[in-house]
Amino acid sequence: MNMKKIVKILPFYEPRMWGGGERLENEFNYHTDVKPLGEVYNVVALQGHADCEVSGMDMTLSALYKQYPEWFNCDTEELPVRVNILDPMADLSVQLHPDDAFARAYNGGRGKPEAWVILDTTEEGRIQFGHKAKTIAEFREKTEQQDWEGLLKYLKAVKDAFIDIPAGTLHAIGTGVLTYNISRNADCTLRLYDYDRIDPTTGKKRDIQPEQVYENVNMPDTSTEFVMYPSSLERGIHVTRYWDEPGLYTLMRLQVEERGTFSHPRFAFYTCVDGEGTIQDVPIKKGETLLVPEGMGMLKFEGNMDVFLASYRNEED
């Protein structure tokens, strides 16, 4: 029987052609030879693909999930959640994630609903979100004519705001919009438009999948707006509750000033996006992620820090 303990999850890096900024390295302490750096996986467990290392345990997160199921107590074969932080120096491709049924048939994966909280943004920062077409025929026509102005909707980015991105929603994070992202631990992305960019690693344009997008895009468009959620002071910690859907994910934000206590019944990944401190005497600073296994009871937080909690409730809960 392995004793449950709090462990540090090491970030996983992949190069992104829209990366290359300095904030992830200089402010979040992500030092890596992977360049251009634009996105960090704080939590990912896709075996043989993208998989975080667990510090001090000589194993990956996907291996930990399989070998110590009692740390998680989940109803899913793979770890259900994934977390990343993005700092784009150019707009991401206009894309969507399909639902489970399509993803299973397409690449054996799962759908990837996701949600973002904007950590910071430039004055002109924006995101592409949703579309203006009334029918698939109109959507297809505007795409073929490359009438992006007539097709795509945009929202001004709002610092600290939350946005929910269900399957089938067109979306793209824009230049200079620093984002915390929670999603299902999956990887099925369908691109509609990539600005005809050349990928410097291949010398070619990246693949796009317009036909599959037509099949999966929400019609009519169901996209929403940014939402600001209030926080409440609970046992010395300012707690913001964004999302809690069984079978998908749980997302909260804990803002600690000096000290407080907090209890979450399920396992949780705590990612620090500002400041530093300790959770149950285990140190954590900006850019780092700790995994607290299920059933660790009331936790003691000390320091001055801004921490996101990513967790999961089973479908039956």
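**View 1. Strands S20 and S21 pair in antiparallel fashion in this predicted model.** S20 and S21 form a hairpin, with 2 residues between the strands. In the turn, Gln 280 has a positive phi of about 55°.

**View 2. Six strands make up an open sheet with antiparallel pairing.** The order of the 6 strands is S2-S3-S6-S13-S8-S11. Strand S2 (12-15) and strand S11 (162-165) are the edge strands, and each of them pairs on one side only. From one strand to the next, the twist averages 25°. Strands of a sheet pair through backbone hydrogen bonds, in a parallel or an antiparallel arrangement.

**View 3. Edge strand S2 is joined to strand S3.** S3 consists of residues 37-43 and runs antiparallel to S2, with 4 bridges between the two strands. Pro 15 has Leu 37 of S3 as its bridge partner.

**View 4. A cis peptide bond joins Lys 35 and Pro 36.** The omega of this bond is about -10°. Pro 36 is placed in the loop between helix H1 (23-26) and S3. Most peptide bonds are trans, and most residues other than glycine have a negative phi.

**View 5. A cis peptide bond joins Met 219 and Pro 220.** For this bond omega is about 0°. The loop that holds Pro 220 runs between helix H6 (210-216) and strand S17 (231-234).

**View 6. Asp 58 has a positive phi.** The value is about 55°, although Asp 58 is not a glycine. Asp 58 sits in the loop between strand S4 (53-54) and strand S5 (59-60).

**View 7. Acidic side chains form a negative surface patch.** The patch is made up of Asp 75, Glu 245, Glu 315, Glu 316 and Asp 317. One of these residues, Asp 317, is found in the segment after strand S23 (299-311).

Notes. Residues are numbered from 1 along each chain as its sequence is written. This is a predicted model: local features need pLDDT of at least 70, side-chain atom pairs count only at pLDDT 80 or more; totals for chains, interfaces and linings use all residues. Side-chain values use heavy atoms; hydrogens and water are left out. Two strands pair if DSSP finds at least two bridges between them. Axes are lines fitted to C-alpha atoms, for helices over the stretch in contact, and angles run from 0 to 180 degrees between N-to-C directions. Patches are made of residues with over 30% relative accessible area and no salt bridge: like charges are joined within 9 Å, nonpolar side chains (Val, Leu, Ile, Met, Phe, Trp, Tyr) within 5 Å. Accessible areas come from the Shrake-Rupley method with a 1.4 Å probe; for residues, only the protein chains shown count as cover. A salt bridge is a side-chain nitrogen of Lys or Arg within 4 Å of a carboxyl oxygen of Asp or Glu. Lys and Arg count as positive and Asp and Glu as negative; His and the chain ends are not counted. The place of a charge is taken as NZ of Lys, CZ of Arg, CG of Asp or CD of Glu.
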